[in-house]
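Subject: Structure handover

Hello,

Here is the structure we talked about, with notes on what was found in it. Please keep the model open while you read.

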Amino acid sequence: MTAQLPLRAGPPAGTPGSAAAVIETAALTKRYPAGVTALDGLTVTVGPGITGLVGSNGAGKSTFIKILLGLLPVTSGQAAVLGHDCASDGEQIRMLTGYMPEHDCLPPDVTATEFVTHLGRMSGLPPTAAKERAAESLRHVGLYEERYRQIGTYSTGMKQRVKLAQALVGDPRLMLLDEPTIGLDPAGRSSMLDLISRIGAEFGISIVVSSHLLGEIEQICDHLVAIDGGRLLRSDSMTSFTQVSQVLLIEVDEGIGVLQAELAERGLRPQRSDRALLVQIETDATYDAVRDAIADLGLPLNRLEQRRRHVEELFHDNEEEARRDR
Amino acid sequence: MTADTGTAGAGHGGVIHDIGYRRYEGPRLGRAAIVRALCWHSLRSAFGIGRGAKAKIVPVITFVIMCLPAVANAVSVAQGSPRAVPYDTYIFQLRVIVMIIFIAALAPELVSRDLRSHVLPLYFSRPLRRLDYPLAKLAAFILACLAMIEIPLLFLYLGTITQAHGGSAIWHETRALIPGLLVGLMWAVLLAAIGLVLSSLSGRRAYSTGTIAIYFFLTWILAGILDSVSTGRGPITGGVGAANTGARLSGLVSPFTVLDGVRQWLGGTSRGPLPPPGNYGPLYGAMLLLLLAAALTGLAVRYRKAGVA
């Protein structure tokens with residue numbers, strides 16, 4: 001009974017429009033029996049490439065991923081991954097998808113090679129292929145030398161790489177990575193991000209990477225989906241996101257109220273943040289306007305810094321926009 | 001993109017620093033094959049194959065002990081004595097103790113480890129369905145228990161027929177063996193199911209081992225106590241006493257005595273640890289099914305609940 005499933009070579013070639021979509025959901029809603037609404041009418045389309053899934057803790061990211069894997073029944077709405085319906089074709093989806101869970105999931109007393117080989121078998125690879133692909137996956141994540149060591153002796157960063165390797169071993173068309181940088185130090189974080197970026201760009205595998213820190217994953221994403229309270233906040237290409245996420249922080253020793261009024265007069269939308277003002281950078285003219293305002297008022301400038309905004313601020317913005325639209 | 005060509009870098013003559021990512025173009029096996037692979041992997045780990053030397057200690061020692069009566073029989077048969085060990089009960093007390101040790105040590109190896117290290121999400125995010133995992137584990141553990149019980153029986157058989165003369169003697173021996181093998185199958189299925197469900201309750205291997213050992217030992221001792229209280233005779237191995245209703249029912253308490261009650265009800269003739277169930281035979285049959293159903297339901301519920309993250 002060695003049923004051999006034909007594997008599509010690329011994204012499903014079918015009807016135009018939906019052909020390129022890696023993930024497609026329509027009014028996806030998930031309510032838990034306890035009355036908690038984890039997803040609330042989520043409609044989003046994710047194309048090939050690396051997509052960031054951002055949202056604060058409890059925004060519904062993990063629920064979303066479980067539904068995509070066909071592991072959680074939805075309350076209403078639809079979801080499809082690689083052209084397969086999540087409700088009915090979970091097996092097909094899971095055969096083409098690699099999943100890296102957020103939490104620790106590795107046994108300490110086996111070697112990385114044995115573990116990844118076994119999980120390769122569990123992904124449907126024949127014995128020899130599983131061995132080869134395990135060695136290759138571990139090499140890709142940079143664990144070739146250490147692969148015969150027991151996982152229990154690995155550092156946190158190495159363990160994260162094993163988790164990534166086991167998601168890669170089945171040669172998936174899509175990888176779902178749940179908070180892959182969690183628990184890593186800055187150096188480990190940036191090498192993990194490099195790795196993900198390489199897998200997405202060079203291996204031709206689509207990736208959805210979830211994080212509660214926008215700043216962390218925005219460098220490697222082509223596209224960003226922001227959710228909050230189970231609802232879609234924004235789904236946009238990275239470029240349009242970055243524009244929004246660039247802000248100028250202005251700190252003056254005194255006269256912050258006057259400056260805020262002056263900047264508003266010059267057509268900017270300054271926001272108070274503790275003892276500083278935040279101004280969204282729209283064009284280069286923004287810098288000139290800020291400079292002129294401070295100079296004209298003769299205020300003692302303490303700090304002027306360009307920085308990226310936190311996800312939370314982005315959400316805040318969005319809510320404000322929604323309010324204005326009404 | 002070069003990543004999409006299976007032969008990246010080949011034939012272009014340049015220096016290959018990194019052979020890059022190669023897509024897997026080979027066959028992918030279906031769910032049935034994956035379940036079989038998981039079963040085989042679990043069966044190997046039950047006997048410590050592919051693990052360190054430490055993992056092999058318990059399975060090897062218990063197996064050797066289990067085989068001792070067969071070896072002793074082979075020696076005595078070679079000296080002209082008739083077969084000393086019955087096929088349907090083997091050496092009952094020895095089998096009980098060895099199986100308790102084997103199951104208490106190895107059922108947690110199959111299930112508790114995965115619970116402990118939270119590996120289950122990695123299984124469930126693969127083509128397997130939710131109940132495939134416990135099913136594969138159960139099949140593997142039944143096979144492991146079967147090997148522990150039936151292989152010594154086969155040794156017993158082989159040791160006996162080497163001295164048998166003529167086809168009819170061998171045929172007679174074979175006919176005696178078959179019910180023994182069926183009893184062994186009954187043992188393996190029930191004990192494996194109970195062992196697995198008990199060890200799936202906890203990710204801590206020590207707790208699982210303790211739970212299994214305590215359950216099997218206590219119920220077995222309890223059955224003996226109930227029996228001796230009812231009949232006024234000695235404990236399990238003890239002397240002769242009138243088998244009254246209490247004694248006939250006392251075996252329902254322990255899986256081992258339930259199995260033996262069913263054996264006697266179905267026509268097993270060798271003397272068991274407890275008096276024959278008599279008219280209560282069907283009750284033993286029902287109890288066997290009840291225990292099995294409870295264990296299987298417990299396993300199903302346990303793994304239906306286990307989340308992906």
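Among the contacts in chain B that join residues at least 6 apart in sequence, 70% are between residues at least 24 apart. Please keep in mind that this is a predicted model. For the model, ipTM is 0.85 and pTM is 0.82.

Chain B

What kinds of element does chain B contain? There are eleven helices and zero strands. Chain B has 309 residues, and 42% of them are buried.

The mean pLDDT of chain B is 88, with 89% of its residues at 70 or more. Residues 1-13 of chain B have a pLDDT below 50, and this stretch makes 20 contacts in the model beyond near neighbours in sequence. Another stretch of chain B, residues 237-241, also stays under 50, and the model gives it eight contacts beyond four places in sequence. Where pLDDT is low, the predicted coordinates should not be read in detail. Please treat both stretches with that in mind.

Where the chains meet

How many residues of each chain are in contact with the other? On chain B there are 33, and on chain A there are 38. On the side of chain B that touches chain A, the elements that give two or more residues are α1 (31-46) and α5 (120-124) of chain B. Of these, α1(B) gives the largest share, with seven residues. Sorted by class, this side of chain B consists of 20 nonpolar, seven polar and six charged residues.

Chain A: domains

The domain assignment divides chain A into domain 1, made of 23-109 + 153-229, and domain 2, which covers 242-325. Taken over C-alpha atoms, the centres of domain 1 and domain 2 of chain A are 34 Å apart.

Chain A: a sheet and its helix

In chain A, four strands form an open sheet in the order β2-β1-β4-β5, with antiparallel pairing. Which strands lie at the edges? They are β2 (37-46) and β5 (84-85) of chain A, each of which pairs on one side only.

Strand β1 (residues 23-31) of chain A is joined to β4 (residues 76-81) of chain A by five bridges, and the two strands run antiparallel. Two places to look at in this pair are A:T25, which stands opposite A:A79, and A:E24, which stands opposite A:A80. On the other pairing, six bridges join β1(A) to β2(A), again antiparallel. There, A:L28 has A:L42 of β2(A) as its bridge partner. β1(A) and β2(A) form a hairpin with five residues between them, and A:G35 in the turn has a positive phi of about 100°.

Helix α1 (residues 61-68) of chain A packs on this sheet and touches β1, β2 and β4 of chain A. The direction of α1(A) makes about 115° with that of β1(A). Is α1(A) largely enclosed or open, and why? Eight of its eight residues are buried, so α1(A) is largely enclosed by the rest of the structure. Among these buried residues are A:F64, A:I65, A:I67 and A:L68, and also A:K61 and A:K66. After α1(A) comes A:G70, with a positive phi near 75°.

Chain A: two residues with positive phi

A:L82 has a positive phi of about 50°, although it is not a glycine. Where is A:L82 placed? It is in the loop between β4 and β5 of chain A. A:L82 has 23 other C-beta atoms within 10 Å, and because 20 or more count as buried, A:L82 is buried.

A:D171 is also not a glycine, and its phi is positive, near 50°. A:D171 lies in the loop between α5 (156-168) and β7 (174-178) of chain A. With 24 other C-beta atoms within 10 Å, A:D171 is buried too.

Regards

Terms used. Residues are numbered from 1 along each chain as its sequence is written. Chains are lettered from A and ligands numbered from 1 in the order in which they are written. This is a predicted model: local features need pLDDT of at least 70, side-chain atom pairs count only at pLDDT 80 or more; totals for chains, interfaces and linings use all residues. Domain bounds come from an automatic or database domain assignment. Two residues are in contact if their C-beta atoms, placed from the backbone, lie within 7 Å. Ala, Val, Leu, Ile, Met, Phe, Trp, Tyr, Cys and Pro count as nonpolar, Asp, Glu, Lys and Arg as charged, and the others, Gly among them, as polar. Two strands pair if DSSP finds at least two bridges between them. Axes are lines fitted to C-alpha atoms, for helices over the stretch in contact, and angles run from 0 to 180 degrees between N-to-C directions. pLDDT is the predictor's confidence in each residue, from 0 to 100. A residue is buried if 20 or more other C-beta atoms lie within 10 Å of its own, exposed if 12 or fewer, and partly exposed in between; C-beta atoms are placed from the backbone.
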